[in-house]
Amino acid sequence: MQKIFVSNICSWMPPAEDLSAAPKLEWTEAIFRRRLSQLSKMTIQVVHDFFNAEIDRCTKIVFCSKRGEIAREFKINKSLIEDGEILPASFSLSTFNAPIALATISENLRGGYTAVYPSQGNFSDAILAATAPILCGRENQIAFVYAEEFVPEVYEEIFQENNSPLAFAALLSASSQNSNFDVQLNLEDLPKTPQQFLSYYGKRPN
């Protein structure tokens, strides 16, 4: 079985006292960042940190999220019910690929991206989708980006999972980038959650 290596992990999570907080993105123009959601801001932050760590900026990206722009989508649905219309600008920023599209614009990336929804929210499927281009020999490496934002309080009664917003970017590659800074991905026992992924693969070997 072909080996896959994980390296160059960059992550961002809001502080425990304010789970709705978002990175400031101070290097971007105010007019660009002022209307962005927490999800988009976190995605832009980790993509910025990732590609600034001497990663080839033409590396293709696989972006994954279980819920996408859930807060913005709720506002759009509410507007549609109450007002019978949707503002074009609001809709364009609510689409599933909006966070990674905004990140590529912000960082001037031209390698292209794919936005995928993990089957039934299964994080392991997200990893398999990201490794597929490497396993089939089409790519030597892939930038895997995952992000989830804080779920609005309106969903409290039906939302049963751990409400822990986070975002991370990781390099998945067919060969070891640096034996001191990467870990081989176990394709037969993939992490079930992004927290498990970060807990294990985010650690550096001694």
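At 3% relative accessibility, Y201 counts as buried, because the cut-off for buried is under 20%. The structure is a predicted model. Y201 lies in helix α7 (residues 194-201) and belongs to a cluster of linked rings.

**Helix α7**

- The buried residues of α7 are P194, F197, L198 and Y201.
- These residues cover an arc of only 95 degrees around the axis, so they sit on the same side of α7.
- Several elements cover the buried residues of α7, including β1 (5-12), α6, β4, β5 and β6.
- F197 has a relative accessible area of 0%, so F197 is buried.
- F197 and Y201 are four residues apart in α7, which is about one turn of the helix.

**Aromatic pairs**

- A pair of aromatic rings is described by two values, the distance of the centres and the angle of the planes.
- A search of the whole structure finds eleven aromatic pairs.
- One of them joins F50 and F51, with 5.0 Å from centre to centre and 85 degrees between the planes.
- The F50 and F51 pair is edge-to-face, because its angle is over 60 degrees.
- Both partners are buried: F50 has a relative accessible area of 1%, and F51 has a relative accessibility of 4%.
- F197 and Y201 form another pair, with 5.2 Å from centre to centre and 40 degrees between the planes.
- Ring pairs link F197 and Y201 with F123, F144, Y146, F168 and Y200 into a cluster.

**The sheet**

- Six strands form an open sheet with mixed pairing, and their order is β3-β2-β4-β5-β1-β6.
- The edge strands are β3 (113-116) and β6 (182-184); each has a single partner strand, so one side of each is left without a neighbour in the sheet.
- From one strand to the next, the twist averages 25 degrees.
- Strand β2 (residues 61-64) and strand β4 (residues 141-148) run parallel and are joined by four bridges.
- F63 has V145 in β4 as its bridge partner.

**Helices packed on the sheet**

- Helix α5 (residues 98-107) packs on the sheet and touches β2, β3 and β4.
- The direction of α5 makes about 145 degrees with that of β2.
- Helix α6 also packs on the sheet, touching β2, β3, β4 and β5 (166-173).
- The direction of α6 makes about 160 degrees with that of β4.
- S124 is located in helix α6 (residues 123-135).
- S124 is buried, because its relative accessibility is 9%.
- Leaving aside residues up to four places away in sequence, S124 touches L190, P191 and K192.

**Cysteines**

- A disulfide is a covalent bond between the sulfur atoms of two cysteines.
- The count of disulfides here comes to zero, where the rule asks for a pair of cysteine sulfur atoms within 2.5 Å.
- C58 is exposed, with a relative accessible area of 52%.
- C136 is exposed, with a relative accessible area of 52%.

Note on methods:
Residues are numbered from 1 along each chain as its sequence is written. This is a predicted model: local features need pLDDT of at least 70, side-chain atom pairs count only at pLDDT 80 or more; totals for chains, interfaces and linings use all residues. Side-chain values use heavy atoms; hydrogens and water are left out. Rings of Phe, Tyr and Trp (its six-membered ring) pair if their centres lie within 6.5 Å; planes under 30 degrees apart count as stacked, over 60 as edge-to-face and the rest as tilted. Buried means under 20% relative accessible area, exposed over 50%, partly exposed in between (1.4 Å probe, protein chains only). Helices (H or I, at least four residues) and strands (E, at least two) are DSSP runs, numbered from the N terminus. Contact means heavy atoms within 4.5 Å. Two strands pair if DSSP finds at least two bridges between them. Axes are lines fitted to C-alpha atoms, for helices over the stretch in contact, and angles run from 0 to 180 degrees between N-to-C directions. The arc is that of the directions from the helix axis to the C-beta atoms.
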